[in-house]
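Good morning, and thank you for making time for this. I would like to walk you slowly through one model, so please keep the picture in view while I talk.

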Amino acid sequence: MPGAQLWVSGHCGIIDPVPSDQLISALSADTEGMRHLRRVPPRRSAHTDWPEWVPEEVRRALADNGIVQLWPHQAEAATRAYEGGDVVVATGTASGKSLAYLLPVLTEAANGSEGRSLYLAPTKALAADQARAVGEFDAPGLIPAIVDGDTPYEHRRWAQRFANLVFSNPDLVHHSILPRHRFWRSFLSNLKYVVVDECHIYRGVFGAHVALTLRRLLRLAEHYGSSPTVIAASATAADPAASLSTLTGRPAAQVTVDASPSPGASIALWEPETYEIEGEPQKASTLSETARMLAQLTRRGIRTLAFVPSRRGAEIVAAEARSRLGADPKADRIAAYRAGYLREHRRDLEADLREGRLLGVATTNALELGIDVTGLDAVILCGYPGRLASFWQQVGRAGRGETEALAIMLAKDDPLDTYLVHHPEAIFDKPVEASVCDPSNPYVLAGHLCLAAEELPLRESDLDKIPGSREVAEQLCEQKLLRRRPGGRYYWVGSERPEVTLRGSGPMGVDIAETSTGRLIGTVDAAASHRLVHRGALYLHQGESYVVDELDLDDGIALVHAAKPPWTTSAQEITHLEILSTREHREMGEVTMCLGEVEVTSAVISYQRRRIPGGEVIDTQALDLPPQTLKTVAVWWTVAPEAMPGISDLPGALHAAEHASIGLLPLIATCDRWDIGGLSTAAHPDTELPTVFVYDGHPGGAGFAEQAFRKWTDWLGATKGAIEACECKAGCPSCIQSPKCGNGNEPLDKTGSVRILDLVLAADDGEPPVVLHAATPVPAATEADEDLWPGDF
């Protein structure tokens with residue numbers, strides 16, 4: 001590395017330059033675990049003149065903050081927006097995308113016009129960070145304000161009347177501005193720009209909800225006489241203009257050539273050490289390896305982010321890294337960052353990280369977005385984050401300025417990560433995915449049509465903008481939620497405003513409080529509370545452990561007491577699945593592949609206490625929690641029993657194939673294994689055949705199962721290859737074992753799973769599927785990534 005930044009009490013100094021290969025070697029006694037090292041070369045910057053339309057006073061305000069030149073992509077995107085065209089700038093991390101929207105917004109304010117702007121971020125933290133950065137400019141005429149769930153009523157009223165740049169999030173627009181649009185009439189009638197930051201986040205069902213919210217916003221702005229321009233910023237993505245058009249329903253241009261400087265990066269793909277237990281290869285814990293590397297980098301004064309896939313994992317990594325440093329004072333400069341912390345605590349952590357008081361942070365995807373944490377030197381990815389866009393976004397959080405980035409991806413013990421570290425071309429030579437969402441999803445569309453009609457009667461022209469919306473509106477009329485009047489307008493006739501949430505039950509579903517004092521410790525989503533804070537669960541918070549005394553779902557509170565038991569807990573879940581209808585199928589002799597609607601009923605029935613650190617099961621405790629029901633979309637395949645005469649453990653073979661196929665689905669779909677679920681059985685009641693199901697873990701479906709159905713040969717072919725390539729004898733987490741299995745990974749038959757997948761793949765006849773019916777609309781909510789709740793941030 002050309003030089004690593006050492007930050008002490010907010011002051012920056014340079015330590016001796018450390019070459020990347022020496023630093024990587026220092027992380028381990030040997031580098032046998034490193035499977036691939038890719039060096040990304042540095043990139044020189046290019047500059048361009050200020051556009052003529054930018055006023056001199058705006059240039060001076062920016063120059064006072066050190067911005068004296070533009071990169072061409074900033075000027076191009078800003079000019080397109082200034083001229084009235086929707087545009088998305090999709091360039092790398094730290095490429096100055098914010099200036100692309102700020103130039104036209106600041107120009108509008110400096111010219112003294114009545115135009116107003118609305119900035120939308122997926123999290124409160126990012127909106128607050130942008131507001132802080134804009135507040136540093138002495139921009140003439142600019143009156144900024146933050147309007148989110150924490151903003152007092154009187155401040156909102158002030159923003160409605162006076163602010164010409166409002167920082168907010170889609171949830172606030174959906175829950176507050178649109179239902180009360182008459183109070184926001186002055187703002188909406190003068191709305192000049194809508195800024196959609198980090199728009200690549202809006203994918204899947206969550207993206208469909210946000211797309212329909214944006215369209216409702218633009219519809220009301222038009223009603224009040226304005227026609228705002230949409231300016232979007234995105235991480236590097238495939239066809240970002242099409243993604244923005246999907247969000248807004250309008251054509252858009254894209255700017256994708258990054259002219260900002262980059263210091264380059266060394267990116268290592270690493271597989272944790274393997275050791276043998278009773279003759280079977282076992283991999284070291286990825287969490288422990290992440291903690292070890294975080295501790296070693298922190299000891300050397302290397303400012304490091306460790307991205308960990310779960311809140312609990314982030315706590316474990318931070319605690320273990322501090323423990324490894326022992327009496328070293330740098331141990332106090334390691335912390336965890338995740339959703340569920342109180343707002344004040346999060347803001348303190350963000351400031352400590354930004355100002356250099358923290359050296360090492362174990363975080364969930366909460367810090368993947370563009371919060372300003374400049375000066376980082378290294379990132380550790382505790383497993384593949386599920387999407388290439390997220391991979392490059394996380395890698396890009398380090399190496400800002402002139403310091404080369406160091407990034408290490410540690411492979412989790414699952415099929416996808418194992419596949420990727422042995423096939424680096426699937427990361428480095430593959431284009432980044434598109435941000436896929438479907439606003440015409442009838443499960444999502446139905447609720448938003450009701451809301452739009454309640455806000456303002458729906459016109460025929462409104463329905464023409466979204467495929468399938470007319471059919472959904474007619475079904476809502478049959479349900480007596482809408483009424484079609486002469487002239488073709490649809491009116492809301494329900495008794496109460498329809499309840500639609502963009503992100504499911506919401507982040508503040510269950511409060512976590514100490515039993516003895518009532519002190520609020522944190523929060524957890526209501527849907528996740530069954531797994532995380534059930535009675536007897538071990539809950540971690542900033543390195544402190546608590547045991548749950550009681551979970552009261554009616555009052556939304558979990559009572560806990562501080563404890564340090566020599567065990568941890570894991571919830572056990574059972575699942576029942578019913579086929580509701582089949583959309584499409586492929587009949588290929590003894591194998592049938594299907595896509596359709598299913599209803600999944602699951603319940604957490606017990607939990608296991610496992611000894612630390614060995615993981616041995618101490619006991620199993622029963623739980624009495626209500627079941628949770630999910631109507632969604634699934635792909636499933638059946639095999640005639642007579643085609644598998646030599647498979648002695650048919651349930652184990654099907655179960656193993658199910659686990660491995662779930663693990664490999666993110667290879668072809670924009671999801672991770674926690675977005676999907678599965679079920680396998682030797683004789684399902686609805687098919688009366690051996691069946692494997694893989695379903696979307698979102699109400700109404702998110703398109704993952706459909707992608708699996710369309711690309712089933714690629715999907716199952718990679719699944720079979722991953723199982724065969726694994727060196728274990730009977731199955732391990734790298735191939736057929738699942739960390740979320742409700743049956744304790746029993747039974748499993750590795751050899752049998754390969755034989756079944758061979759049969760299924762050999763049946764491909766190349767014929768197109770038979771289409772039986774289209775989707776049926778049912779209003780539904782969704783859940784988003786666990787740490788992207790705006791209420792948490």
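This is a predicted model: local features need pLDDT of at least 70, side-chain atom pairs count only at pLDDT 80 or more; totals for chains, interfaces and linings use all residues.

Let me begin with charges: the structure holds 30 salt bridges, a salt bridge being a side-chain nitrogen of Lys or Arg within 4 Å of a carboxyl oxygen of Asp or Glu. Residues are numbered from 1 along each chain as its sequence is written, and side-chain values use heavy atoms, with hydrogens and water left out.

Which side chain does E584 meet in a salt bridge? The partner is R710, at 2.6 Å from N to O. This pair links distant parts of the chain, since E584 sits in strand β26 (residues 567-588) and R710 in helix α22 (residues 704-710), 126 residues apart; helices (H or I, at least four residues) and strands (E, at least two) are DSSP runs, numbered from the N terminus. E584 counts as buried, at 9% relative accessibility, whereas R710 is partly exposed, with a relative accessible area of 39%; here buried means under 20%, exposed over 50%, and partly exposed in between, using a 1.4 Å probe and protein chains only.

R710 also meets E706 in a salt bridge of 3.2 Å, N to O, and these two residues both lie in helix α22, four residues apart, which is about one turn of the helix. Through shared partners, salt bridges join R583, E584, E597, E706 and R710 into one network. Elsewhere, the side chains of D417 and K412 form a salt bridge at 3.6 Å, N to O, and both of these residues are buried.

Now let us turn to a sheet. It is an open sheet of seven strands in the order β3-β11-β18-β17-β14-β16-β15, with mixed pairing, where two strands pair if DSSP finds at least two bridges between them. Why is one side of β3 (34-40) and of β15 (334-337) left without a neighbour in the sheet? Both stand at the edges, each with a single partner strand, so there is no neighbour on one side. Within the sheet, strand β14 (residues 304-307) and strand β17 (residues 378-382) pair in the parallel sense over four bridges, and F307 stands opposite L381 in β17.
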